[in-house]
Structure formats: structure tokens, C-alpha cells
Amino acid sequence: MLFDTHAHYDDARFDRDRDELLTSMPGKNVGLIVNPGCDLATSRMAVEMARKYQFLYAAVGIHPENCGDFDPAMIDTLRTLAGEKKVVAIGEIGLDYYWAENPPKELQQEVLRRQLALAEELSLPVIIHDRDAHADTLAIVREFPHVKGVFHCFAGSVEMARELVRAGWMLSFNGAATFKNARKAPEVIAAVPLDKLMIETDAPYLTPVPHRGERNDSSYVCFVAEQIARIKGISPREVEEATWENGRAFFGI
Ligand code: NI
């Protein structure tokens with residue numbers, strides 16, 4: 001079965017059919033989903049969904065775009081939420097320098113460091129969001145050599161990918177790797193061993209070809225597996241099985 005390691009079912013775009021859609025997933029060959037939070041409210045919602053759906057697991061964290069009102073007490077709330085049985089990671093956390101209106105870089109970096117420290121304290125892996133911030137993200141994760149994680153929607157170079165993989169990190173890819181203009185992702189997928197790769201949708205965003213433009217959901221993660229299979233010259237089945245095992249080992253499921 002397929003393991004969608006990153007989807008946001010807390011998103012309002014799922015309000016009208018969330019339960020129906022999630023309940024349909026095992027019948028669509030999707031056997032596991034990790035839903036990361038992006039602030040305290042969505043982290044709580046991820047935990048609630050994990051209680052309700054046996055195949056859904058949660059991650060809790062504050063996304064760099066949402067750290068503008070950060071208060072250190074939020075770390076205590078995350079620690080409490082992370083104590084829930086089906087919380088398997090701290091995420092998604094990271095740096096996002098793409099949008100000019102995002103919180104200041106220094107604040108994003110502080111919030112990332114505090115959440116990496118929390119992951120270290122709790123011995124949990126992290127789910128990293130790195131958009132146009134490769135050098136700073138790499139430098140900060142290097143400050144925490146005991147913390148391991150995954151770079152979701154990896155967009156760095158082959159060189160950066162090799163360095164992360166050598167240090168024990170995983171890389172995860174989604175519909176962005178299927179877009180016609182995708183350049184780096186196919187190169188990285190070709191260069192990195194299959195046992196370091198995971199697949200995801202980032203639903204409702206980044207819908208893979210041939211459904212680009214529609215709302216994304218976990219059933220479309222098969223198109224990501226097919227793209228990896230094409231690039232590596234192996235069968236989609238092999239990618240499905242390997243990424244299932246990789247994801248289970250990584251999240252301890
Ligand atoms: Ni995401």
C-alpha cells in the first residue's frame with residue numbers, strides 16, 4: 001500500500017467532505033497518512049484526526065510562515081501534544097524566505113531551533129520545510145546532530161541531498177516532482193538511494209500531473225511513486241513497497 005507521509009487534512013478545503021474522503025483512503029490503496037500541524041490549532045486538529053482514523057498519524061509543530069506571534073509557552077503546548085500516542089514527529093517546522101511578508105528570518109530561525117531542541121528532548125524525528133533557505137536550514141539542522149528528520153518537498157541540490165543522506169536524513173517528494181518544469185527534483189531522485197526516499201502529497205497543495213490544478217488528496221500519491229519509478233527505471237510497485245517500509249521505519253509505525 002501507499003504511505004502519504006505529508007498531507008494537511010486540517011485544511012478548510014476539506015471541510016465539506018473530510019470524513020468521506022479520509023474513510024475512502026484504504027479502499028484507494030492508501031494505507032498510512034501523516035498529517036503535520038502548521039500551528040497550535042492545526043496541530044491539535046491533527047491529533048484529533050489521529051484519534052479518529054486508525055491509518056492516520058500526527059506531527060505537531062509551528063510552520064515558519066505562522067511563527068509571527070511566537071511565544072515560548074507554545075513549546076510547552078507542543079510538548080504536551082507530542083505526548084499523545086499517535087504523534088510521530090515534530091513538524092512541519094523550518095525556514096521560508098520565499099514570501100516577503102513572512103516573519104523576520106531571525107524569528108523563524110529561533111523558532112526552528114527551539115523546535116529542534118524539543119525534538120531532541122523527546123527523541124522524535126522532525127519534518128522540515130525549507131523554501132529558498134537551503135544554506136540556513138542546513139546550518140541550523142547541523143547544530144543538532146542527534147536530531148534526524150526528513151526534508152519534505154526537497155528542493156535543494158544533488159550536493160545538499162548527498163550531504164543530508166550521509167548524515168542520516170530522509171528526503172521526501174511530491175507532485176512538484178511531476179511538473180514539466182521540474183529540474184532539480186528528478187536529478188536528486190536519480191542520485192539518492194531508494195531507501196532514503198519517502199513520498200507525500202502535501203495535500204491540498206501541489207497536485208501531481210495529470211491532475212494539476214485540482215484539489216490534491218492522498219490517493220494521488222501514486223503519481224509521485226510512478227514518477228520516481230520512471231526516473232529510477234524500476235517498477236511503481238517497487239517504489240510503493242520501499243517507500244512504505246522507509247516511512248514506517250522513519251516514523252516508527
Ligand atoms: Ni506541508
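Predicted model: local features only at pLDDT ≥ 70, side-chain atom pairs only at ≥ 80, totals over all residues.

Student: Which strand is N35 in?

Tutor: N35 sits in strand β2, residues 30-36.

Student: And is N35 buried or exposed?

Tutor: N35 has 0% relative accessibility, so it counts as buried; the cut-off for that is under 20%.

Student: D10 was on that contact list. How many residues apart along the chain are N35 and D10?

Tutor: They are 25 residues apart along the chain, and their C-alpha atoms are separated by 8.1 Å.

Student: H8 was listed too. What does H8 coordinate?

Tutor: H8 coordinates the nickel ion through NE2.

Student: What spacing do the donors follow along the chain?

Tutor: The pattern is H-x1-H-x83-E-x109-D.

Student: Why is the arrangement around the nickel ion irregular?

Tutor: The four donor atoms subtend angles of 80 to 171°, so the arrangement is irregular. Tetrahedral would need all angles between 85 and 135 degrees.

Student: Back to E92. Which residue does a cis peptide bond join to E92?

Tutor: G91; the cis bond between G91 and E92 has an omega of about 5°. E92 itself lies in strand β4, residues 87-96.

Student: What about the peptide bond from A203 to P204, cis or trans?

Tutor: That bond is cis, with omega near 10°. P204 is in the loop between β8 (197-199) and α8 (221-232).

Student: Changing topic to backbone angles. What is phi at N29?

Tutor: N29 has a positive phi of about 70°, although it is not a glycine. N29 is in the loop between α1 (18-24) and β2, and at 30% relative accessibility it counts as partly exposed.

Student: And S123?

Tutor: S123 also is not a glycine, and its phi is positive at about 55°. S123 is in the loop between α4 (105-122) and β5 (126-131), and it is exposed, with a relative accessible area of 65%.

Student: Last topic, helices. At what angle do the axes of α5 and α6 cross?

Tutor: Roughly 10°, and the axes come within 12 Å. That makes α5 roughly parallel to α6.

Student: Which residues make the contact?

Tutor: H134, L138 and R142 of α5, with M160, E163 and L164 of α6. By class, the contact has three nonpolar, one polar and two charged residues.

Definitions and conventions
Residues numbered from 1 in each chain as written. Heavy atoms only, no water. Donors = N, O, S within 2.8 Å, 3.2 Å for Na, K, Ca; no water. Tetrahedral: all angles 85-135°; square planar, octahedral: opposite > 155°, others 65-115°. Axes fitted to C-alpha atoms, helices over the stretch in contact; angles between N-to-C directions. Helix = DSSP H or I, 4+ residues; strand = E, 2+ residues; numbered from the N terminus. Parallel < 35°, antiparallel > 145°, perpendicular 65-115°, else oblique. Contact = heavy atoms within 4.5 Å. Nonpolar A, V, L, I, M, F, W, Y, C, P; charged D, E, K, R; others polar. Buried < 20%, exposed > 50% of the residue type's maximum accessible area, 1.4 Å probe, protein only. Lists of a residue's contacts leave out its neighbours within four places in sequence.
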